[in-house]
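Student: I have a model open and want to go through its local geometry. Can we start with the metal site?

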Amino acid sequence: MVGDPPRVTGVGSTGGEWHLVVVSDTHLSERVASATDNWSGVVDWLAQTEANLVVHAGDLTLDGIGRPEELAAARDFLDQLPLPWEAVPGNHDIGDTPGPPALSLDRLGAWRDHVGADRWALQVGPWTVLGINAHLLDSGDPEESSQWSWLEEQFAAQPNDAPMVLVLHKPLSASATELAGAPKYRFVGSPARERVEDLLDTRWCPLVVSGHVHQYRVVGQPGRQHAWAPSSWAVLPEYAQATVGLKRCGVLSIKLSESGTAEVAMVEPPGVGQLTLGVDLPDPYDH
Ligand SMILES: [Fe+2]
Ligand SMILES: [Fe+2]
């Protein structure tokens, strides 16, 4: 929960760099064998890597909103990971701003009870990795004010010469043309987007990581990469979502160096099946 001691208290390095694996959009549910099978593929692969830390970028559950018991079950799945882990919530876990489904404070409470804090800061060598709750942004709820205060404190305390990674479920930015033409649920909305970007510009933040779109992509900005993590479960069919990146299932591999460079790649673990909703399996969201 917010204010509790951090779950992850120390992250080791491998060969002088820190290997962060980002898993996203697992949509775990005991009702969907393909999701749990692909999760097992990720867990088995991680046991054979030299990764140091796992971050889940949200949409942990298939339907944490409608079935809060899936949030409790998802914690058991996370605890299968052979490495320290942290997670930020997704719209399928707690709702969204704007909805539908709208942000649910009850589900946010269930997330905190079962999974842990929805915002956190980790020290990974010289790097600070910050996770925030994207769905509070522009909600107007007191929880949003509380998160802004916390985030501003984190930035105020951050040395200018130490690199940062920001993790949140929804992508933060793209070109002005793309932002204007995208469906409203795709990106962090305005004015929160500009407020976060203004904060990022006050410090050295070369990497922003998101999930949500189920497509792997790296969007470059001067001095900053925005890495979109793929889903480890399934991609969406063209009739539901146009291709803007790579529609493949897998995970993000990020190597953080001592000097502040971040090397981002997509990995397709052997045990992760390549699935498309509505094609290889029924689409539970009825897109
Ligand atoms: Fe998702
Ligand atoms: Fe999502």
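Student: Which residue bridges the two iron ions, and how far apart do they lie?
Tutor: Asp-59 bridges the iron ion (ligand 1) and the iron ion (ligand 2), which lie 3.6 Å apart. This is a predicted model, where local features need pLDDT of at least 70 and side-chain atom pairs count only at pLDDT 80 or more, while totals for chains, interfaces and linings use all residues. Residues are numbered from 1 along each chain as its sequence is written, chains are lettered from A and ligands numbered from 1 in the order in which they are written, and side-chain values use heavy atoms, with hydrogens and water left out.

Student: What are the protein donors of ligand 1?
Tutor: The iron ion (ligand 1) has Asp-25 (OD), His-27 (NE2), Asp-59 (OD) and His-214 (NE2), at 2.1 to 2.3 Å. Donors are N, O and S atoms within 2.8 Å of the metal (3.2 Å for Na, K and Ca); water is not among the atoms, so sites may look incomplete.

Student: What is the geometry of that site?
Tutor: Irregular: the angles among the four donor atoms of the iron ion (ligand 1) run from 86 to 174°. Four donors count as tetrahedral if all angles lie between 85 and 135 degrees; four count as square planar and six as octahedral if opposite donors are over 155 degrees apart and all others between 65 and 115; anything else is irregular.

Student: Where do Asp-59 and His-214 sit in the chain?
Tutor: Asp-59 is in the loop between strand S2 (53–56) and helix H2 (69–78), and His-214 is in the loop between strand S7 (207–210) and strand S8 (217–221), 155 residues apart. Helices (H or I, at least four residues) and strands (E, at least two) are DSSP runs, numbered from the N terminus.

Student: Is Asp-59 buried or exposed?
Tutor: Buried, at 1% relative accessibility. His-214 is buried too, at 4%. Buried means under 20% relative accessible area, exposed over 50%, partly exposed in between (1.4 Å probe, protein chains only).

Student: Which residues does the cis peptide bond with omega about 0° join?
Tutor: Gly-99 and Pro-100. Another cis bond joins Pro-100 and Pro-101, with omega about -10°.
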